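Have a look at the model first, then read on.

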Amino acid sequence: MSKEDKIPSDSEWRVMEVLWESGAPLPSSEIIRRLGEHNMTSRMVRVLLNRLCQKELVDYVVDEKDTRVYHYFSRKSRAECRREKSRRFVECYFAGSQTGAIASLLQSASLTEEQIKELEALLEENKRKGEE
């Protein structure tokens, strides 16, 4: 499976959000319950969990008391998945130009003074890293 194939789809991302928010392994029944508000059927959630396992984004442990119950957990952090998804977004929509992606986002945003200061701090940090 290529690196691009290991990026979670929008539906898979919802499952990942449940796992990240829990901070602990969850049985599929609990994941299904938490995703009920998104109109996901139990079958759909199980299919998504299977795909996420194939993509090596999620893994599971078998329940000690009931071997029919699996407890799922995320193998990658939210930050790792965001970075990969962002990288793929820049490649697909901006021909790999990070500057183009950032410029496009900035041109379409109305930023507060606080947000501008945060961005300036990030740019300074990035500049320092580049000089090292």
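Tyr60, Tyr70 and Tyr72 come together as one aromatic cluster. This is a predicted model, and 6 aromatic pairs are found in the structure. One of them joins Phe89 and Tyr93 in a tilted arrangement, with 5.0 Å centre to centre and 45° between the planes. Both residues belong to helix H4 (residues 78-94), where they sit 4 residues apart, about one turn of the helix. Phe89 is partly exposed at 37% relative accessible area, while Tyr93 is exposed at 61%.

Turning to charges, the structure holds 11 salt bridges. The table lists some of them.

| Salt bridge | N to O distance |
|---|---|
| Glu56 and Lys6 | 2.9 Å |
| Glu12 and Lys55 | 2.6 Å |
| Glu125 and Lys129 | 3.4 Å |

Glu12 lies in helix H1 and Lys55 in the loop between H3 and S2, so their bridge ties together parts 43 residues apart in sequence. Are these two residues buried or exposed? Both Glu12 and Lys55 are buried. In the pair of Glu56 and Lys6, by contrast, Glu56 is partly exposed at 41% relative accessibility, and Lys6 is partly exposed at 25%.

Glu125 and Lys129 are 4 residues apart in helix H6, about one helical turn. Here Glu125 is partly exposed at 34% and Lys129 is exposed at 54%. Elsewhere, a network of salt bridges links Glu84, Arg87, Arg88 and Glu91.

Finally, the surface carries a patch of negative charge made up of Glu113, Glu120, Glu124, Glu131 and Glu132. Among them, Glu124 is placed in helix H6 (residues 113-131) and is partly exposed, at 42% relative accessibility.

Terms used. Residues are numbered from 1 along each chain as its sequence is written. This is a predicted model: local features need pLDDT of at least 70, side-chain atom pairs count only at pLDDT 80 or more; totals for chains, interfaces and linings use all residues. Side-chain values use heavy atoms; hydrogens and water are left out. Patches are made of residues with over 30% relative accessible area and no salt bridge: like charges are joined within 9 Å, nonpolar side chains (Val, Leu, Ile, Met, Phe, Trp, Tyr) within 5 Å. Accessible areas come from the Shrake-Rupley method with a 1.4 Å probe; for residues, only the protein chains shown count as cover. A salt bridge is a side-chain nitrogen of Lys or Arg within 4 Å of a carboxyl oxygen of Asp or Glu. Lys and Arg count as positive and Asp and Glu as negative; His and the chain ends are not counted. The place of a charge is taken as NZ of Lys, CZ of Arg, CG of Asp or CD of Glu. Helices (H or I, at least four residues) and strands (E, at least two) are DSSP runs, numbered from the N terminus. Buried means under 20% relative accessible area, exposed over 50%, partly exposed in between (1.4 Å probe, protein chains only). Rings of Phe, Tyr and Trp (its six-membered ring) pair if their centres lie within 6.5 Å; planes under 30 degrees apart count as stacked, over 60 as edge-to-face and the rest as tilted.
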